[in-house]
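Please keep the sequence and the structure in view while reading.

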Amino acid sequence: MISKLHYISQGETPEQHLENIRKACTYGADWIQLRLKNVSNETILRTAQKAREITVHFQTRLIINDHYEIAGQIKADGVHLGKTDACPLEVREKLGKSYTIGGTANTLEDCKILVGKKVDYIGLGPFRFTETKKNLSPKLGKSGYSTIIKKLQAEIPIIAIGGITVNDISEIMKTGIHGVAISGEITNDFNTIGTFNKALKQPAIHEQPHKFNKE
């Protein structure tokens, strides 16, 4: 099952990412994406190993951004692939069926390509302007999501991302999306995790299935 609330880690240092991941788990997040940029693969591996220890303790799913080899090494629950990363079909072949694979999309055509490559979910955005990502694509807004989902006509979870706040949930869920990915709003106040879960009608953590043991 793909969670309705994804927390994408933030921090000025790997240590801050880990601290924020720990806080997110403590406050009830059940799906964490470790997103480290502009650091060495060695640093990402070490940080991912520590993040795996935290998430296993809290029975929280861990997704690694971009680096599918590291996801496999630390036995994460999955990987999220950007538009310039490895092909999802190749990653599936290397990691196996037990791993969740997500992909980034900004347009209807992007979504169609990802559906064809059999990803488990699509991160579609941005909803609005956000400072957490460089080279931002044109914002979609609620009408953009509604149009894309209607035309896509595919039974695949769509996760909205990009500057989303708690106040947006009621309206944005009417577009047909499955859930949302949040970074800054949660990092600024981890108490909002409970508010997001309630607004999304997210099941309690103990009701969510988890996959930790990889062959």
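Two strands are said to pair if DSSP finds at least two bridges between them. Helices (H or I, at least four residues) and strands (E, at least two) are DSSP runs, numbered from the N terminus. In these terms, eight strands form a closed barrel in the order β1-β2-β3-β4-β5-β6-β7-β8, with parallel pairing. From one strand to the next, the twist averages 25 degrees; axes are lines fitted to C-alpha atoms, for helices over the stretch in contact, and angles run from 0 to 180 degrees between N-to-C directions. This is a predicted model, in which local features need pLDDT of at least 70 and side-chain atom pairs count only at pLDDT 80 or more, while totals for chains, interfaces and linings use all residues. Residues are numbered from 1 along each chain as its sequence is written, and side-chain values use heavy atoms, with hydrogens and water left out.

Strand β6 (residues 121-124) runs parallel to β7 and is joined to β7 by three bridges. Three bridges also join β7 (residues 158-161) to β8 (residues 179-182), again in parallel. Residue A160 of β7 has L124 opposite it on one strand and V180 opposite it in β8.

Helices pack against the sheet. Helix α2 (residues 41-57) touches β2 (31-34) and β3 (61-65), where contact means heavy atoms within 4.5 Å. The direction of α2 makes about 160 degrees with that of β3. Helix α4 (residues 88-95) lies across β4 (78-81) and β5 (100-105), at about 165 degrees to β4. Helix α9 (residues 192-200) contains N197. Leaving aside residues up to four places away in sequence, N197 touches L5, G28 and Q202. N197 counts as buried because its relative accessible area is 15%; buried means under 20%, exposed over 50%, and partly exposed in between (1.4 Å probe, protein chains only).

Several loops also deserve attention. Q59, in the loop between α2 and β3, has a positive phi of about 55 degrees although it is not a glycine. With a relative accessibility of 48%, Q59 is partly exposed. D66, in the loop between β3 and α3 (68-73), is likewise not a glycine and has a positive phi of about 75 degrees. D66 is buried, at 16% relative accessibility. G96 belongs to the loop between α4 and β5 and is partly exposed at 22%. The peptide bond from G125 to P126 is cis, with omega near 5 degrees, and P126 is found in the loop between β6 and α6 (141-152).

Where is empty space left? Rolling a probe the size of a water molecule over the atoms shows this. On a 1 Å grid over the protein atoms alone, a pocket is an open set of points with protein on both sides within 12 Å along at least five of seven lines, and lining residues have an atom within 4 Å of a point. The second largest pocket is lined by 13 residues, of which G82, K83, I113, L114 and K117 lie nearest its centre. Both β5 and α5 (108-116) supply at least two residues of that lining, and the largest share, three residues, comes from α5.

Methods: On a 1 Å grid over the protein atoms alone, a cavity is a set of points where a 1.4 Å probe fits but cannot get out, and a pocket is an open set with protein on both sides within 12 Å along at least five of seven lines; lining residues have an atom within 4 Å of a point.
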